Amino acid sequence: MAESEPRENLQVHHDQGVCTIVFDRPNKKNAFTQAMYRGLVAELDQAAADPATRVVLLHGAGGVFTAGNDLHDFATNPPIGKAAERDESGLPRHPLLRLLHLLPRFEKPLVAAVQGPAVGIGVTMLLHCDLIYAGEGARFSLPFVNLGLSPEAGSSLLLPRVMGHPRAAELLMLAEPFTAATALHFGLINQVLADEVVIDRARSIAQTLARKPAASLRATKQLMRAPIAAQLEQVIDREVEVFSQRLVSPEAREAFEAFLSKREPNFGKFE
Ligand code: COA
(Lines give C-alpha, C1' and ligand atoms only; values in the text may rest on other atoms or scores of the structure.)
Protein backbone atom coordinates (compact mmCIF):
# COMPACT_ATOMS: atom_id res chain seq x y z
CA MET A 1 0.00 0.00 0.00
CA ALA A 2 1.57 3.31 -1.12
CA GLU A 3 1.67 6.33 1.21
CA SER A 4 1.55 9.98 0.04
CA GLU A 5 3.57 12.87 1.40
CA PRO A 6 2.48 13.72 4.96
CA ARG A 7 -0.44 16.13 5.30
CA GLU A 8 -1.48 17.84 8.52
CA ASN A 9 -4.27 15.81 10.18
CA LEU A 10 -4.94 13.72 7.09
CA GLN A 11 -3.77 10.19 6.33
CA VAL A 12 -3.66 9.21 2.68
CA HIS A 13 -3.19 5.66 1.36
CA HIS A 14 -3.23 4.26 -2.16
CA ASP A 15 -4.18 0.65 -2.72
CA GLN A 16 -5.69 -1.27 -5.66
CA GLY A 17 -6.76 1.90 -7.49
CA VAL A 18 -8.39 3.39 -4.37
CA CYS A 19 -7.07 6.58 -2.76
CA THR A 20 -8.22 6.60 0.87
CA ILE A 21 -8.24 9.96 2.64
CA VAL A 22 -8.68 9.76 6.41
CA PHE A 23 -9.60 12.84 8.49
CA ASP A 24 -7.27 12.47 11.43
CA ARG A 25 -7.59 14.99 14.25
CA PRO A 26 -9.21 12.79 16.88
CA ASN A 27 -8.65 15.08 19.89
CA LYS A 28 -10.90 17.66 18.14
CA LYS A 29 -13.32 15.10 16.67
CA ASN A 30 -11.61 15.53 13.27
CA ALA A 31 -12.89 19.13 13.02
CA PHE A 32 -11.55 20.69 9.82
CA THR A 33 -8.82 23.31 9.99
CA GLN A 34 -7.71 25.32 6.97
CA ALA A 35 -4.67 23.05 6.67
CA MET A 36 -6.98 20.02 6.46
CA TYR A 37 -9.11 21.63 3.74
CA ARG A 38 -5.90 22.57 1.89
CA GLY A 39 -4.65 18.98 2.15
CA LEU A 40 -7.99 17.53 1.05
CA VAL A 41 -8.14 19.86 -1.96
CA ALA A 42 -4.55 18.92 -2.92
CA GLU A 43 -5.30 15.20 -2.59
CA LEU A 44 -8.49 15.48 -4.65
CA ASP A 45 -6.59 17.41 -7.34
CA GLN A 46 -3.92 14.72 -7.33
CA ALA A 47 -6.50 11.92 -7.42
CA ALA A 48 -8.25 13.60 -10.36
CA ALA A 49 -5.00 13.85 -12.32
CA ASP A 50 -3.54 10.41 -11.48
CA PRO A 51 -4.83 7.66 -13.81
CA ALA A 52 -3.80 5.04 -11.23
CA THR A 53 -6.40 6.47 -8.82
CA ARG A 54 -9.81 5.26 -9.94
CA VAL A 55 -11.89 5.85 -6.80
CA VAL A 56 -11.57 8.00 -3.66
CA LEU A 57 -12.70 6.75 -0.25
CA LEU A 58 -13.28 9.23 2.59
CA HIS A 59 -13.55 8.37 6.27
CA GLY A 60 -12.51 9.63 9.68
CA ALA A 61 -10.09 8.31 12.30
CA GLY A 62 -10.99 7.26 15.84
CA GLY A 63 -14.60 6.28 15.18
CA VAL A 64 -15.61 9.82 14.16
CA PHE A 65 -16.30 11.16 10.65
CA THR A 66 -15.83 14.89 11.34
CA ALA A 67 -17.25 17.55 13.66
CA GLY A 68 -17.29 19.91 10.67
CA ASN A 69 -15.46 23.18 10.43
CA ASP A 70 -13.23 24.08 13.38
CA LEU A 71 -15.33 26.65 15.26
CA HIS A 72 -12.27 28.41 16.62
CA ASP A 73 -11.13 28.93 13.02
CA PHE A 74 -14.56 30.25 12.04
CA ALA A 75 -14.47 32.71 14.95
CA THR A 76 -10.92 33.96 14.41
CA ASN A 77 -10.29 33.51 10.70
CA PRO A 78 -13.57 33.55 8.74
CA PRO A 79 -13.28 32.89 4.97
CA ILE A 80 -14.42 36.38 3.99
CA GLY A 81 -12.99 39.46 2.27
CA LYS A 82 -9.52 38.90 0.80
CA ALA A 83 -9.62 35.23 1.83
CA ALA A 84 -12.56 34.68 -0.54
CA GLU A 85 -10.76 36.09 -3.62
CA ARG A 86 -10.32 33.85 -6.66
CA ASP A 87 -7.12 32.83 -8.41
CA GLU A 88 -6.40 32.81 -12.15
CA SER A 89 -8.27 29.47 -12.54
CA GLY A 90 -11.44 31.16 -11.26
CA LEU A 91 -11.52 29.11 -8.04
CA PRO A 92 -11.49 30.73 -4.59
CA ARG A 93 -8.10 30.78 -2.87
CA HIS A 94 -9.51 29.95 0.57
CA PRO A 95 -9.22 26.17 0.96
CA LEU A 96 -12.76 25.68 2.34
CA LEU A 97 -14.35 27.71 -0.45
CA ARG A 98 -12.14 25.95 -2.99
CA LEU A 99 -13.27 22.56 -1.70
CA LEU A 100 -16.92 23.63 -2.08
CA HIS A 101 -16.30 24.18 -5.78
CA LEU A 102 -14.09 21.14 -6.36
CA LEU A 103 -16.34 18.52 -4.76
CA PRO A 104 -19.21 18.84 -7.29
CA ARG A 105 -16.68 18.86 -10.16
CA PHE A 106 -14.85 15.72 -9.04
CA GLU A 107 -15.30 13.23 -11.88
CA LYS A 108 -14.22 9.94 -10.30
CA PRO A 109 -16.39 7.94 -7.89
CA LEU A 110 -16.37 9.17 -4.29
CA VAL A 111 -17.23 6.66 -1.56
CA ALA A 112 -17.69 7.63 2.11
CA ALA A 113 -17.76 5.60 5.33
CA VAL A 114 -19.31 7.41 8.30
CA GLN A 115 -18.75 6.43 11.92
CA GLY A 116 -19.76 8.58 14.91
CA PRO A 117 -20.48 12.29 14.51
CA ALA A 118 -20.76 13.83 11.03
CA VAL A 119 -21.51 17.55 11.46
CA GLY A 120 -21.95 20.47 9.08
CA ILE A 121 -19.66 20.00 6.12
CA GLY A 122 -19.26 16.41 7.37
CA VAL A 123 -22.84 15.92 6.11
CA THR A 124 -22.94 18.33 3.20
CA MET A 125 -19.83 16.76 1.61
CA LEU A 126 -21.76 13.48 1.51
CA LEU A 127 -24.16 15.11 -0.97
CA HIS A 128 -21.24 15.11 -3.42
CA CYS A 129 -20.30 11.49 -2.74
CA ASP A 130 -21.71 8.65 -4.82
CA LEU A 131 -21.93 5.75 -2.37
CA ILE A 132 -22.20 6.32 1.37
CA TYR A 133 -22.09 3.73 4.15
CA ALA A 134 -22.76 4.55 7.80
CA GLY A 135 -22.27 2.73 11.07
CA GLU A 136 -25.26 2.20 13.37
CA GLY A 137 -23.74 4.69 15.82
CA ALA A 138 -23.29 7.46 13.27
CA ARG A 139 -24.91 10.78 14.31
CA PHE A 140 -25.46 13.33 11.58
CA SER A 141 -26.26 16.98 12.13
CA LEU A 142 -26.63 20.18 10.17
CA PRO A 143 -26.46 22.76 13.00
CA PHE A 144 -26.02 25.83 10.78
CA VAL A 145 -29.12 27.60 12.10
CA ASN A 146 -28.19 26.81 15.72
CA LEU A 147 -24.86 28.55 15.08
CA GLY A 148 -26.45 31.62 13.49
CA LEU A 149 -25.20 30.36 10.09
CA SER A 150 -26.84 29.13 6.88
CA PRO A 151 -26.44 26.06 4.62
CA GLU A 152 -23.36 25.54 2.41
CA ALA A 153 -21.87 23.17 -0.19
CA GLY A 154 -24.99 23.32 -2.33
CA SER A 155 -27.03 21.68 0.42
CA SER A 156 -29.87 24.21 0.08
CA LEU A 157 -30.40 22.81 -3.43
CA LEU A 158 -29.29 19.19 -3.01
CA LEU A 159 -31.00 18.26 0.27
CA PRO A 160 -34.55 19.17 -0.89
CA ARG A 161 -33.77 17.46 -4.21
CA VAL A 162 -32.69 14.24 -2.48
CA MET A 163 -35.42 14.06 0.17
CA GLY A 164 -38.09 16.69 -0.53
CA HIS A 165 -38.58 20.08 1.12
CA PRO A 166 -40.25 19.02 4.40
CA ARG A 167 -37.49 16.57 5.31
CA ALA A 168 -34.76 18.98 4.23
CA ALA A 169 -36.43 21.71 6.31
CA GLU A 170 -36.52 19.36 9.29
CA LEU A 171 -32.77 18.74 9.03
CA LEU A 172 -31.76 22.32 8.23
CA MET A 173 -34.26 24.31 10.32
CA LEU A 174 -34.88 22.15 13.39
CA ALA A 175 -31.21 21.19 13.03
CA GLU A 176 -31.35 18.29 15.47
CA PRO A 177 -28.90 15.38 15.22
CA PHE A 178 -30.28 12.38 13.33
CA THR A 179 -29.39 8.71 13.23
CA ALA A 180 -28.03 6.54 10.43
CA ALA A 181 -31.49 4.94 10.19
CA THR A 182 -33.02 8.37 9.50
CA ALA A 183 -30.25 9.20 7.02
CA LEU A 184 -31.07 5.97 5.18
CA HIS A 185 -34.81 6.61 5.33
CA PHE A 186 -34.29 10.15 3.95
CA GLY A 187 -32.14 8.87 1.08
CA LEU A 188 -28.90 10.46 2.23
CA ILE A 189 -26.91 7.23 2.49
CA ASN A 190 -26.86 3.76 0.89
CA GLN A 191 -26.64 1.37 3.85
CA VAL A 192 -26.39 1.14 7.64
CA LEU A 193 -23.86 -1.38 8.92
CA ALA A 194 -22.34 -2.43 12.22
CA ASP A 195 -19.86 0.29 13.24
CA GLU A 196 -16.92 -2.11 13.19
CA VAL A 197 -17.45 -3.23 9.58
CA VAL A 198 -18.44 0.03 7.90
CA ILE A 199 -14.96 1.09 6.75
CA ASP A 200 -14.07 -2.40 5.46
CA ARG A 201 -17.37 -2.60 3.59
CA ALA A 202 -16.88 0.84 2.01
CA ARG A 203 -13.30 -0.09 1.08
CA SER A 204 -14.45 -3.30 -0.58
CA ILE A 205 -17.13 -1.36 -2.53
CA ALA A 206 -14.49 1.18 -3.57
CA GLN A 207 -12.24 -1.66 -4.77
CA THR A 208 -15.15 -3.14 -6.75
CA LEU A 209 -15.67 0.24 -8.44
CA ALA A 210 -11.92 0.51 -9.11
CA ARG A 211 -12.05 -2.70 -11.18
CA LYS A 212 -14.82 -1.36 -13.46
CA PRO A 213 -14.19 0.61 -16.68
CA ALA A 214 -13.15 4.01 -15.32
CA ALA A 215 -14.30 6.01 -18.37
CA SER A 216 -17.73 4.44 -18.16
CA LEU A 217 -18.01 5.28 -14.46
CA ARG A 218 -16.95 8.88 -15.14
CA ALA A 219 -19.52 9.17 -17.93
CA THR A 220 -22.24 7.73 -15.69
CA LYS A 221 -21.45 10.14 -12.87
CA GLN A 222 -21.26 13.07 -15.28
CA LEU A 223 -24.63 12.18 -16.84
CA MET A 224 -26.29 11.96 -13.41
CA ARG A 225 -24.77 15.21 -12.14
CA ALA A 226 -24.70 17.39 -15.31
CA PRO A 227 -28.37 18.49 -15.47
CA ILE A 228 -28.01 20.64 -12.35
CA ALA A 229 -24.26 21.37 -12.46
CA ALA A 230 -24.59 25.01 -13.60
CA GLN A 231 -27.40 25.71 -11.13
CA LEU A 232 -25.38 24.08 -8.36
CA GLU A 233 -22.39 26.39 -9.04
CA GLN A 234 -24.68 29.41 -8.75
CA VAL A 235 -26.28 28.12 -5.57
CA ILE A 236 -22.89 27.45 -4.00
CA ASP A 237 -21.78 31.02 -4.80
CA ARG A 238 -24.99 32.47 -3.36
CA GLU A 239 -24.71 30.28 -0.26
CA VAL A 240 -21.13 31.51 0.27
CA GLU A 241 -22.36 35.14 0.09
CA VAL A 242 -25.05 34.54 2.70
CA PHE A 243 -22.82 32.30 4.85
CA SER A 244 -20.08 34.97 4.86
CA GLN A 245 -22.56 37.55 6.17
CA ARG A 246 -23.87 35.11 8.77
CA LEU A 247 -20.33 34.18 9.91
CA VAL A 248 -19.69 37.67 11.23
CA SER A 249 -23.23 38.14 12.59
CA PRO A 250 -23.68 38.72 16.33
CA GLU A 251 -25.63 35.43 16.57
CA ALA A 252 -22.71 33.47 15.12
CA ARG A 253 -20.24 35.24 17.43
CA GLU A 254 -22.43 34.31 20.39
CA ALA A 255 -22.72 30.67 19.22
CA PHE A 256 -18.96 30.24 18.65
CA GLU A 257 -18.08 31.88 21.95
CA ALA A 258 -20.65 29.71 23.76
CA PHE A 259 -19.29 26.49 22.20
CA LEU A 260 -15.67 27.36 22.91
CA SER A 261 -16.43 28.32 26.52
CA LYS A 262 -18.70 25.26 26.96
CA ARG A 263 -21.89 27.16 27.80
CA GLU A 264 -25.36 27.43 26.24
CA PRO A 265 -25.77 30.26 23.71
CA ASN A 266 -28.22 33.05 24.48
CA PHE A 267 -29.90 34.25 21.28
CA GLY A 268 -32.68 36.07 23.20
CA LYS A 269 -30.81 39.38 22.98
CA PHE A 270 -30.91 39.44 19.14
CA GLU A 271 -33.91 40.40 17.04
N1 COA B 1 -14.45 22.99 16.26
C2 COA B 1 -13.51 23.09 17.20
N3 COA B 1 -13.37 22.18 18.20
C4 COA B 1 -14.22 21.17 18.22
C5 COA B 1 -15.24 21.01 17.26
C6 COA B 1 -15.33 21.98 16.24
N7 COA B 1 -16.24 21.91 15.26
N8 COA B 1 -15.95 19.89 17.55
C9 COA B 1 -15.38 19.36 18.65
N10 COA B 1 -14.35 20.14 19.06
C11 COA B 1 -13.47 19.92 20.21
C12 COA B 1 -14.17 20.27 21.53
O13 COA B 1 -14.06 21.66 21.78
C14 COA B 1 -13.36 19.43 22.49
O15 COA B 1 -12.12 20.07 22.69
P16 COA B 1 -11.45 20.09 24.17
O17 COA B 1 -11.26 18.63 24.52
O18 COA B 1 -10.18 20.83 23.96
O19 COA B 1 -12.44 20.76 25.08
C20 COA B 1 -13.05 18.15 21.69
O21 COA B 1 -13.18 18.53 20.32
C22 COA B 1 -14.01 17.02 21.95
O23 COA B 1 -15.34 17.51 21.71
P24 COA B 1 -16.57 17.22 22.68
O25 COA B 1 -17.62 18.24 22.39
O26 COA B 1 -16.08 17.11 24.10
O27 COA B 1 -17.01 15.78 22.16
P28 COA B 1 -18.45 15.09 22.26
O29 COA B 1 -18.23 13.66 21.91
O30 COA B 1 -19.12 15.41 23.54
O31 COA B 1 -19.33 15.79 21.11
C32 COA B 1 -19.69 16.67 18.90
C33 COA B 1 -18.94 15.63 19.74
C34 COA B 1 -19.13 16.61 17.47
C35 COA B 1 -21.20 16.35 18.89
C36 COA B 1 -19.49 18.07 19.52
O37 COA B 1 -18.08 18.25 19.71
C38 COA B 1 -19.97 19.21 18.67
O39 COA B 1 -21.15 19.48 18.63
N40 COA B 1 -19.03 19.92 18.02
C41 COA B 1 -19.35 21.10 17.25
C42 COA B 1 -19.84 20.72 15.88
C43 COA B 1 -20.17 21.96 15.06
O44 COA B 1 -20.98 22.77 15.42
N45 COA B 1 -19.47 22.08 13.91
C46 COA B 1 -19.58 23.19 13.01
C47 COA B 1 -20.61 22.94 11.95
S48 COA B 1 -20.80 24.31 10.86
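**Exercise 1. Which residue in strand 5 does Leu 58 stand opposite?**

Some ground rules before we start. This is a predicted model, where local features need pLDDT of at least 70, side-chain atom pairs count only at pLDDT 80 or more, and totals for chains, interfaces and linings use all residues. Residues are numbered from 1 along each chain as its sequence is written, and side-chain values use heavy atoms, with hydrogens and water left out.

*Solution.* 
- Step 1: find the strands, which are DSSP runs of E with at least two residues, numbered from the N terminus (helices are runs of H or I with at least four).
- Step 2: check the pairing, which takes at least two DSSP bridges between two strands. Strand 4 and strand 5 (residues 110–114) run parallel and are joined by 3 bridges.
- Step 3: read across from Leu 58, and you land on Ala 112.

**Exercise 2. Work out whether strand 4 is buried or exposed.**

*Solution.* 
- Step 1: set the cut-offs. Buried is under 20% relative accessible area, exposed is over 50%, and partly exposed is in between (1.4 Å probe, protein chains only).
- Step 2: sort the side chains. In a regular strand they alternate between the two faces of the sheet. Here Val 55, Leu 57 and His 59 point one way, while Val 56, Leu 58 and Gly 60 point the other.
- Step 3: count. In strand 4 (residues 55–60), 6 of the 6 residues are buried, so the strand is largely enclosed by the rest of the structure.

**Exercise 3. Describe how Phe 140 and Phe 178 pair up.**

*Solution.* 
- Step 1: recall the rule. Rings of Phe, Tyr and Trp (its six-membered ring) pair if their centres lie within 6.5 Å; planes under 30 degrees apart are stacked, over 60 edge-to-face, and the rest tilted.
- Step 2: the structure has 7 aromatic pairs. In one of them, Phe 140 and Phe 178 sit 5.4 Å centre to centre with 20 degrees between the planes, which counts as stacked.
- Step 3: Phe 140 is in strand 8 (residues 139–141) and Phe 178 in strand 9 (residues 178–179), 38 residues apart, linking distant parts of the chain. Both Phe 140 and Phe 178 are buried.
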